[in-house]
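Opened a new model today and want a quick record of what I looked up. Overall fold comes before the details.

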Amino acid sequence: MTPTYSLMILAAAIVVIVVMISKLRVHPFLALMAASLVVGVGTDMAPTAIVSAFEKGMGSTLGFLAGIIGLGSILGKLLEESGGAKRIATTLLETLGERNASWAMMLVGFIAGIPVFFEVGFVLLVPLIYVVARQTKISMLYLGVPLATSLMVVHCILPPHPAATAITGMLKADIGTVILYGLIVGLPTAIIAGPIWVRFVLKREAPESQNAFLAARAPAHTDDHAIPSFGITLATVLLPLVLMVSKTLAVTALEKGSALYEWVSFFGNPLIALALSVVFAYWALGLRRGQDMASLLNLTNRCFPPLASILLIIGAGGAFNDMLVGSGIGKTLADLLSETQLNPIILAWLIAGIMHFAVGSATVAMLSAAGMVMPMLGQHPEYNREILVVAIGAGAIGWTHITDSAFWVVKEYLGLSLSDALKKFTAATVLASVVALCLTLLLSKIV
């Protein structure tokens, strides 16, 4: 199998993914499954080898992720239904003041977005934008773009979000280090592409049409005394990150095999860290506020049905990656990419960005990019795996446009025209992607 033929098969598989998702509106799980078959049949793999590679890739990927994603979903649901996300938002707004409302919304997105998916986080917090916009006469776009951009940044580069966690496992990177690097890159990115961006490209004052839009969206009254405190909510959100990062920082100073090393590694394991965080959240956001275990069980049961889609997509992405390895395309691709003069960080960022632009799914883009970058790591063990994970996430932030459901959520909830959504929100994600790349390159020179 020549390199040219291998690349043709890979290109055909990518075209299948793009056409099926973007044009035919086929579910990404089925599109990735079809692309895996294209790779297997096109490279003349034995039928049983195709099935084995698909099963192995899907099983190994979900074996690492299923529990983590399930626990993260419970944590996010508790934050949503307890009113914890609203408490974070209102406290930051009160602390920073109306003049810095765009900065407050950026911070809200960055903190509250850690345990929740983009769409959930935006829909959960957008009523607060309505309230602030009505009270201050500030443009909703001036508040909404920093919130949405911040949520997108966290969604793509910071575990325990599913795609970021998945590619961390696929590239065999240390999750604590990825979180640390993600925070270093993500926060400045959210600042530049959020409050700084809107200050230069948007008018702060609300347009006349905003009053009519807000009049039809009066938020329901909620009792602020019934929601958890800022401190307890923040502790709940940050606990899993602290445990995972602490493991990364501590094990380098401990003797491997010692009892302390084993216990630190145990508590810093993503599965254990999230399990402990869920137990704490059950108490802090549930039992402590008068809920009983029956109501918490009902809440937990409602977390899992929406996860079916994301689990299937991630599993099929892992299967597609294993198919690339089993077919030999991965090695061919690694050889070709190694011969290029392009920095591997830029290459990872570019592949993820192109895939997000084409298929409209940051998750699919990140999984596909990881599958193409992964073979290089076998030939170049000196490449920093954690940096490459962040680079892939940085690429997937950009080009959130009409093929992405996140784009339509922002457009509709903020009442934007198509052109305004493209000029302001899509442009902000492209800026965020470029800024994140620059910061990742800078970080790679330091670590």
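**Entry 1: the chain as a whole**

I note at the start that this is a predicted model. I looked up the secondary structure and got 21 helices and 0 strands for the protein chain. For dimensions, I have the C-alpha trace spanning about 65 × 55 × 45 Å along its principal axes. Then I checked the radius of gyration: a compact globule with 447 residues would come out near 22 Å, and the protein chain has 22 Å, so the two agree. Buried residues account for 55% of the 447 in the chain.

**Entry 2: the largest pocket**

How much space lies in the largest pocket? I get about 850 Å³. I count 38 residues in its lining, and those nearest the centre are Phe-117, Phe-118, Glu-119, His-155 and Ile-310. H3 gives the largest share, with 6 residues. By residue class, I have the lining down as 21 nonpolar, 11 polar and 6 charged.

**Entry 3: H1 against H17**

I wanted one helix pair in detail. Two packed helices are described by an angle between their axes and a distance between those axes, so I looked up both. Helix H1 (residues 3-23) packs on helix H17 (residues 344-359) at an angle of about 35°, and the axes are 9 Å apart. Which residues meet here? From H1 I wrote down Ile-14, Ile-17, Val-18, Ile-21 and Ser-22, and on the H17 side Met-355, Ala-358 and Val-359. That contact divides into 7 nonpolar residues and 1 polar one, with no charged residues.

**Entry 4: Leu-342**

Leu-342 sits in the loop between helix H16 (329-339) and H17. Is Leu-342 buried, partly exposed or exposed? Its relative accessibility is 37%, so I log Leu-342 as partly exposed, since that class lies between the 20% and 50% cut-offs. Leaving out residues up to four places away in sequence, I find Leu-342 touching Leu-347 and Leu-350.

Definitions and conventions:
Residues are numbered from 1 along each chain as its sequence is written. This is a predicted model: local features need pLDDT of at least 70, side-chain atom pairs count only at pLDDT 80 or more; totals for chains, interfaces and linings use all residues. Side-chain values use heavy atoms; hydrogens and water are left out. Axes are lines fitted to C-alpha atoms, for helices over the stretch in contact, and angles run from 0 to 180 degrees between N-to-C directions. Helices (H or I, at least four residues) and strands (E, at least two) are DSSP runs, numbered from the N terminus. Contact means heavy atoms within 4.5 Å. Ala, Val, Leu, Ile, Met, Phe, Trp, Tyr, Cys and Pro count as nonpolar, Asp, Glu, Lys and Arg as charged, and the others, Gly among them, as polar. On a 1 Å grid over the protein atoms alone, a cavity is a set of points where a 1.4 Å probe fits but cannot get out, and a pocket is an open set with protein on both sides within 12 Å along at least five of seven lines; lining residues have an atom within 4 Å of a point. Grid points are joined across faces, edges and corners, and a volume is the space filled by probe spheres set on the points. The radius of gyration is taken over C-alpha atoms; the globule rule is 2.2 Å times the number of residues to the power 0.38. Buried means under 20% relative accessible area, exposed over 50%, partly exposed in between (1.4 Å probe, protein chains only).
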